[in-house]
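Dear colleague,

Please find below the structure that I am handing over to you.

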Amino acid sequence: MSPVNPEQQFLQACLVAIQQQQLERIIFSQYKGSIENLEKMTVRLIELQNVATLNCLYRYKTQDVTKNYPLGEAEGVLTELLADCKQANLFTLDGETQLKKNKKKAMLTQSKAKPVLKAQPQGHDRAKQRFVDQDSQFLQHLGITDAKAQVIPSMARKWKQINKFVEIFAGALEQIDTTQALHVVDFGSGKGYLTTALYDYTAKSLQTPFVTGVELNPKMVEFCQNVATQSGFEQLGFFQGDVRTYAPEKLDVMIALHACDVATDFAIHSGIRLNAQVIMCAPCCHKELRPQLHSPKVLQPMLQFGIHAGQQAEMLTDTIRALLLKAYGYETKVFEFVALEHTSKNKMILATKRQDFTAPDQAVLAQIQALKQMYGIQKHSLELLLNDQWDQQDIGRKC
Ligand SMILES: C[S@@+](CC[C@H](N)C(=O)[O-])C[C@H]1O[C@@H](n2cnc3c(N)ncnc32)[C@H](O)[C@@H]1O
């Protein structure tokens with residue numbers, strides 16, 4: 001039977017768009033129902049454990065709440081939302097359908113997508129925006145976007161980094177078992193931009209994770225905790241303390257982005273020790289190896305230039321980190337995670353645990369010894385930590 005009124009026609013169009021995988025989003029606005037402070041809802045299709053699922057973002061005055069529904073419940077969920085809203089807009093690859101209701105009647109209008117919009121789903125920028133929704137309230141609480149959800153110009157580079165980071169994080173999650181509750185720790189979380197974004201992403205696409213940011217600076221911890229509360233992110237918390245003494249009980253995903261100097265080594269060590277499935281770090285300053293470096297004779301003409309010696313020390317520090325990860329059973333990649341214009345510290349080490357790991361790979365450990373010998377390296381914190389040889393007195397050293 002064909003739909004008889006505009007509301008039913010709209011509902012039918014939504015269900016067809018969902019069934020044919022043509023749905024971009026449905027926005028329900030001018031909410032008049034009984035839930036306090038609820039303003040609008042955005043519905044999208046997402047993949048959850050390889051199953052198409054209805055994702056509904058409920059926007060309240062000060063926070064966003066996400067719920068996922070099986071496709072079998074789509075009709076019931078959409079019918080309920082329609083009943084309580086005076087306006088609904090359906091966006092598909094073909095165009096937009098708008099339903100507007102007032103006391104007397106409901107009206108349906110349709111417009112075709114402009115060619116440029118139609119082409120967007122394959123577009124580069126569009127793919128990026130899938131990971132972090134610019135409309136999200138938490139971005140406003142963090143000071144990335146303004147009240148109109150526009151990116152604040154001075155935060156444009158951070159915004160780019162956040163998107164890129166969440167994209168890489170999402171790719172890494174696809175390679176691991178995410179059916180159990182995920183424990184994520186962000187070591188050296190700073191103002192929590194990335195910590196909060198990955199919480200938002202994970203909570204929207206999987207079951208809500210337990211995410212902890214670890215940060216020395218109490219003011220930053222207070223700021224982040226406020227953002228988490230304002231955003232309604234109940235399983236996101238911040239611990240004020242030193243990465244070098246923080247000992248979580250569970251760790252599935254270890255993140256350390258631009259954590260200073262050897263804080264990165266302590267974070268990687270926690271990841272390896274607790275058998276983290278994903279280890280993701282972008283190293284920051286590299287102070288440990290440079291004073292130890294004795295250039296091999298043949299390299300001295302090259303390394304007489306300070307900048308080259310610095311780059312060499314950095315490359316060696318990160319090579320040893322990446323090789324140790326490999327030796328301890330991780331598939332390890334080292335790459336630039338964002339263009340240089342967005343941050344000069346753009347190197348990422350991404351490691352995922354191999355399921356067949358049994359014991360450290362002696363051949364890789366031998367490669368590390370050969371490199372250390374060639375450059376006269378005595379001490380690399382991650383190696384010492386893994387060998388249980390790290391000197392407790394070093395904790396007094398400033399990061
Ligand atoms: C460059 S910021 C990076 C912040 C954040 N990860 C990001 O990428 O936006 C480094 C942060 O690490 C913190 N940090 C440095 N050493 C630390 C340590 N030993 N324990 C905890 N936090 C530390 C600093 O206070 C700073 O906020």
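In helix α8, the residues Val 221, Cys 224, Val 227, Ala 228 and Ser 231 are buried. They lie on the same side of α8, because the arc they cover around the axis is only 125 degrees. On the other side of this helix, Pro 218, Lys 219, Glu 222 and Thr 229 are exposed. Please bear in mind that the model is a predicted one.

The buried residues of α8 pack against the strands β4 (64-70), β9 (210-215) and β10, as well as against the helices α5 and α7. The length of α8 also agrees with expectation: its 14 residues should span 20 Å at 1.5 Å a residue, and its end C-alpha atoms are 20 Å apart.

Both ends of α8 deserve a remark. At its start, a side-chain oxygen of Asn 217 comes to within 2.9 Å of the backbone nitrogen of Lys 219. Just after the helix, Gly 232 has a positive phi of about 75 degrees.

Finally, helix α11 (residues 306-327) reaches 31 Å from its first C-alpha to its last, close to the 32 Å expected. Just after α11, Gly 329 takes a positive phi of about 95 degrees.

Yours sincerely

Note on methods. Residues numbered from 1 in each chain as written. Predicted model: local features only at pLDDT ≥ 70, side-chain atom pairs only at ≥ 80, totals over all residues. Heavy atoms only, no water. Helix = DSSP H or I, 4+ residues; strand = E, 2+ residues; numbered from the N terminus. Expected span 1.5 Å × (residues − 1). Buried < 20%, exposed > 50% of the residue type's maximum accessible area, 1.4 Å probe, protein only. Arc of directions from axis to C-beta. Contact = heavy atoms within 4.5 Å. Polar contact = N/O pair within 3.5 Å; in protein donor to acceptor, adjacent residues only side chain to side chain.
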